[in-house]
Amino acid sequence: MNADDPLAIKEAAEIIRAGGLVAFPTETVYGLGADACNPLAAARIFEVKQRPSLDPLIAHVADRESAARFGNFPKSADVLMRKFWPGPLTLVVPKTDLIPPIVTAGLETVAIRVPAHPAALNLIRAAGVAIAAPSANQFGYVSPTEARHVADQFCDKVDLILDGGRCAVGVESTILSLVGPRPAILRFGGVTVEELTAVLGAVENLTAPSKRPNAPGQLTRHYATRTRLQILDEHQKEAMPLKGERVGLLTLFPRNPGPFAAVEVLSPTGNLREAAANLFSALRRLDDAGCDRLVAYPVPESGLGVAIMDRLRRCSA
Ligand code: TXA
Ligand code: MG
């Protein structure tokens with residue numbers, strides 16, 4: 001349903017309150033939402049996503065006041081919330097008793113964010129609850145940035161899909177833990193490292209791949225296409241298709257298409273923000289193009305390029 005339609009929001013909110021599942025747009029990717037305080041509803045998220053129950057969910061709230069009902073925020077969080085909320089920053093803090101263990105996978109901490117998408121905020125406000133939501137894709141696959149990506153996988157498994165168009169940011173939120181002695185990045189995302197260090201000074205980097213991750217985004221292989229993807233150096237020969245081989249190419253800016261079966265250009269002008277917004281839909285199109293393998297040229301690792309390369313590395317692992 002059209003996320004601009006107040007009646008659609010009303011219906012979606014009723015479904016959430018009744019313990020159902022609603023897929024909804026955020027500025028990063030589409031989420032698969034349920035009432036964060038209803039353990040049975042949250043359990044359905046894990047079931048539908050086929051997600052290991054060890055992986056905690058993010059609680060989405062509409063403002064700082066509601067955030068404070070679900071998490072105990074240190075003083076140091078103030079400046080972050082003021083500067084980056086609503087927006088693609090998730091904060092991990094000690095949880096309150098309102099959040100059931102299934103949402104946090106038994107952890108004493110909870111991940112909370114205020115999404116910067118009017119439909120998401122309208123839905124949260126209309127439902128009057130916090131909405132637990134992972135990305136609305138089957139566990140391990142490329143995240144959805146359009147409503148039809150969700151429909152393709154979950155059409156009959158969710159109660160309603162709110163269509164809010166294409167996600168403007170296109171990669172997931174940055175996850176920052178405020179639990180340890182110093183702020184630590186658990187996942188690169190829509191708020192850049194540069195933006196965080198400008199506010200916090202140094203931040204720790206705890207994003208290293210891990211077999212027992214704090215965040216599934218830390219799994220070595222995640223965000224993965226079915227078709228094998230390889231990241232190349234600029235002049236690597238393996239890029240070139242062998243005779244009869246179908247190879248798909250992912251590139252930041254336009255190149256000579258050469259003998260590739262499919263080419264996805266992330267940004268005609270090489271703009272990393274635009275590239276992030278296009279990343280997941282480009283990966284899905286390449287994955288659906290019937291290629292034998294996919295190759296990607298690296299993008300510069302500054303700004304949103306850090307999150308893009310993080311996703312590409314995990315996809316290619
Ligand atoms: O942009 C986003 O964050 C999107 C939209 C829908 O908001 N959501 C999203 O959710 O990416 P998901 O479930 O795909 O990723 C959430 C990440 C997971 O890697 C999870 O492990 C981590 O957040 N996480 C949740 N609670 C945590 C906690 N208490 N401590 C550490 N990591 C946590
Ligand atoms: Mg995800």
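Predicted model: local features only at pLDDT ≥ 70, side-chain atom pairs only at ≥ 80, totals over all residues.
The N-terminal end of the helix is capped by Asn-271, a side-chain oxygen of which lies 2.8 Å from the backbone nitrogen of Arg-273.

Two aromatic pairs are found in a search of the whole structure. In one of them, Phe-73 and Trp-85 adopt an edge-to-face arrangement, with 6.1 Å from centre to centre and 85° between the planes. Phe-73 belongs to the loop between α3 (64-70) and α4 (77-84), whereas Trp-85 belongs to the loop between α4 and β4 (89-94); the pair therefore ties together parts that are 12 residues apart in sequence. Trp-85 has a relative accessibility of 8% and therefore counts as buried, the cut-off being under 20%.

The pair formed by Tyr-223 and Phe-280 involves helix α9. The ring centres of Tyr-223 and Phe-280 are 6.0 Å apart and the planes meet at 20°, so this pair is classed as stacked, for which the planes must be under 30 degrees apart. Phe-280 is located in α9 (residues 272-287) and Tyr-223 in the loop between β10 and β11 (229-231); the contact therefore ties together parts that are 57 residues apart in sequence. Both Tyr-223 and Phe-280 are buried.

A further contact with an aromatic ring involves a charged side chain: Arg-255 lies over the face of Tyr-297, at 3.8 Å from the ring centre.

The strands were then considered. Ten strands, β1 to β10, form an open sheet with mixed pairing, in the order β7-β1-β2-β6-β3-β5-β4-β8-β9-β10. Its edges are formed by β7 (160-161) and β10 (204-205), each of which pairs on one side only. Within the sheet order, β3 stands between β6 and β5. Strand β3 (residues 58-60) pairs with strand β6 (residues 131-132) in the antiparallel sense, over two bridges. In this pairing, Ala-59 is placed opposite Ala-132 of β6.

Key:
Residues numbered from 1 in each chain as written. Chains lettered and ligands numbered in written order. Heavy atoms only, no water. Pairing = 2+ DSSP bridges. Helix = DSSP H or I, 4+ residues; strand = E, 2+ residues; numbered from the N terminus. Phe/Tyr/Trp six-rings, centres within 6.5 Å; stacked < 30°, edge-to-face > 60°. Buried < 20%, exposed > 50% of the residue type's maximum accessible area, 1.4 Å probe, protein only. Lys NZ or Arg CZ within 6 Å of the ring centre and 35° of its normal. Polar contact = N/O pair within 3.5 Å; in protein donor to acceptor, adjacent residues only side chain to side chain.
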